[in-house]
Amino acid sequence: MSKKFNDTILRAYNGEKTTHTPAWFMRQAGRSQKEYREIKKKYSLFEITHQPELCAYVTRLPVEQYGIDAAILYKDIMTPLPAMGIDVEIKSGIGPVIDNPIRNLQDVAALGEINPEQDIDYVLETIKLLTEEQLTVPLIGFSGAPFTLASYMIEGGPSKNYAKTKALMYSEPKTWFTLMNKLAEMIIVYVRSQIKAGVSAIQIFDSWVGALNVADYRTYIKPTMEYIFSELKKDNVPLIIFGIGAKHLLMEWNDLPVDVIGLDWRTGILEAREIGVTKVLQGNLDPAILLADWDTIESRTKAILDEGMQDGRHVFNLGHGVTPDITQDTLKKLAHLVRTYSER
């Protein structure tokens with residue numbers, strides 16, 4: 001690579017001091033970018049991810065446009081599920097829709113295993129293109145977590161209350177734990193293949209696990225997460241966990257062998273510290289603020305950075321993903337603000 005590699009975010013994830021607060025934005029690739037919208041006129045999400053050159057372009061574009069400190073691989077948390085026999089389609093305006101939802105132990109038993117080199121070779125090829133030839137910042141890989149993946153697999157798509165998921169969890173514990181174990185093994189294999197191909201950090205999205213209370217999390221989810229992260233810890237890359245509306249689970253996450261906890265906008269950095277969280281923190285500007293006037297954006301961003309700099313162990317991000325109506329210009333200005341304000 002002719003340009004110097006910027007490893008600031010990896011040092012921050014490892015708890016080291018950095019010259020500025022590093023930043024990236026969840027869902028920075030795609031969605032709000034005009035170039036991406038042109039591509040989407042021709043190709044679906046799955047079609048883009050199956051074309052390594054195109055997918056690499058979509059992944060690296062925000063790094064080049066915004067000057068941020070990391071790329072996150074453009075793909076969906078549903079990517080590995082077809083290899084297991086789950087018939088999933090990403091429908092515009094709805095999200096993932098599954099035609100053959102999990103209903104019983106037999107459905108779980110019928111799930112296959114993933115062979116990354118065969119089933120998601122296009123993902124691994126995209127990673128290699130990016131990390132060996134194109135990026136000068138670290139590439140973050142990711143996977144959905146077992147509860148979040150299971151919620152789609154059981155509900156058949158997005159849900160507001162996860163009633164079917166919880167019903168299966170409470171009434172059919174054998175089915176539930178068999179599913180958790182299958183998903184855990186898939187996630188470990190899937191993530192390891194990304195690391196081997198070249199990603200420098202892994203984020204596990206447990207986006208919807210905040211729907212559970214602490215007692216149920218400890219019983220039905222935490223043992224599986226302990227197992228996943230304990231296994232992935234052996235691969236020596238920073239591990240991040242993130243979910244929405246999960247303030248009540250922060251200390252459960254703090255127990256896990258993770259390096260970084262991602263916060264949504266409901267919990268401040270110093271507030272998380274007061275609760276007792278000791279891990280490096282990532283977050284947590286409300287994406288909706290990026291639709292406000294610049295003075296509001298600036299003051300809210302500086303407030304988060306002030307807390308992060310006071311704490312000293314912080315990576316800036318949004319509290320959830322970039323929405324399609326946030327402009328590229330706003331994201332570019334935001335990245336510049338984070339860098340210049342936090343330089344030390």
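**Strands, cores and spaces in a predicted model**

Let's start with a strand pair. β8 and β9 run parallel, joined by five bridges. Strands count as paired if DSSP finds at least two bridges between them. One example: Leu281 has His314 in β9 as its bridge partner. Strands here are DSSP runs of E, at least two residues, and helices are runs of H or I, at least four residues; both are numbered from the N terminus.

Two notes on the source. This is a predicted model, where local features need pLDDT of at least 70, side-chain atom pairs count only at pLDDT 80 or more, and totals for chains, interfaces and linings use all residues. Residues are numbered from 1 along each chain as its sequence is written, and side-chain values use heavy atoms, with hydrogens and water left out.

Stay with β9, residues 314-318. Is this strand enclosed or open? Five of its five residues are buried, so β9 is largely enclosed by the rest of the structure. Buried means under 20% relative accessible area, with a 1.4 Å probe and protein chains only; exposed is over 50%, and partly exposed lies in between. Which way do the residues point? His314, Phe316 and Leu318 go one way from β9, and Val315 and Asn317 go the other.

Next, the cores. In soluble globular proteins, nonpolar side chains tend to be buried together. A nonpolar core here is a set of buried Ala, Val, Leu, Ile, Met, Phe, Trp, Tyr and Cys residues, joined through side-chain atoms within 4.5 Å. The largest one has 109 residues. Tyr13, Phe25, Met153, Trp176, Ile221, Met225 and Trp253 touch the most other members. Helix α10, residues 173-197, brings the largest share of this core: 12 residues. Look at Met225. Beyond its neighbours within four places in sequence, Met225 is in contact (heavy atoms within 4.5 Å) with Ala145, Pro146, Ile204, Asp206, Tyr217, Ile241 and Leu256. A second, separate core has nine residues, including Ile48, Leu54, Val58 and Tyr74.

We use a 1 Å grid over the protein atoms alone. A cavity is a set of points where a 1.4 Å probe fits but cannot get out. A pocket is an open set with protein on both sides within 12 Å along at least five of seven lines. Lining residues have an atom within 4 Å of a point. Points are joined across faces, edges and corners, and a volume is the space filled by probe spheres set on them.

The largest pocket has a volume of about 1100 Å³. Its lining has 32 residues, and Arg27, Arg31, Leu45, Asp76 and Ile90 lie nearest its centre. Which helix gives the most to this lining? α2 does, with three residues. By class, the lining has 17 nonpolar, eight polar and seven charged residues. Here Ala, Val, Leu, Ile, Met, Phe, Trp, Tyr, Cys and Pro are nonpolar, Asp, Glu, Lys and Arg are charged, and the others, Gly among them, are polar.

The second largest pocket holds about 190 Å³. It has 14 lining residues, with Trp265, Gly268, Asn284, Arg300 and Ile304 closest to its centre. α14 gives the most to this lining, with four residues.

Last, the cavities. There are two of 30 Å³ or more. His314, from our opening bridge, is one of its lining residues. The second largest cavity has about 50 Å³. Its lining includes Trp253, which we met in the largest core.
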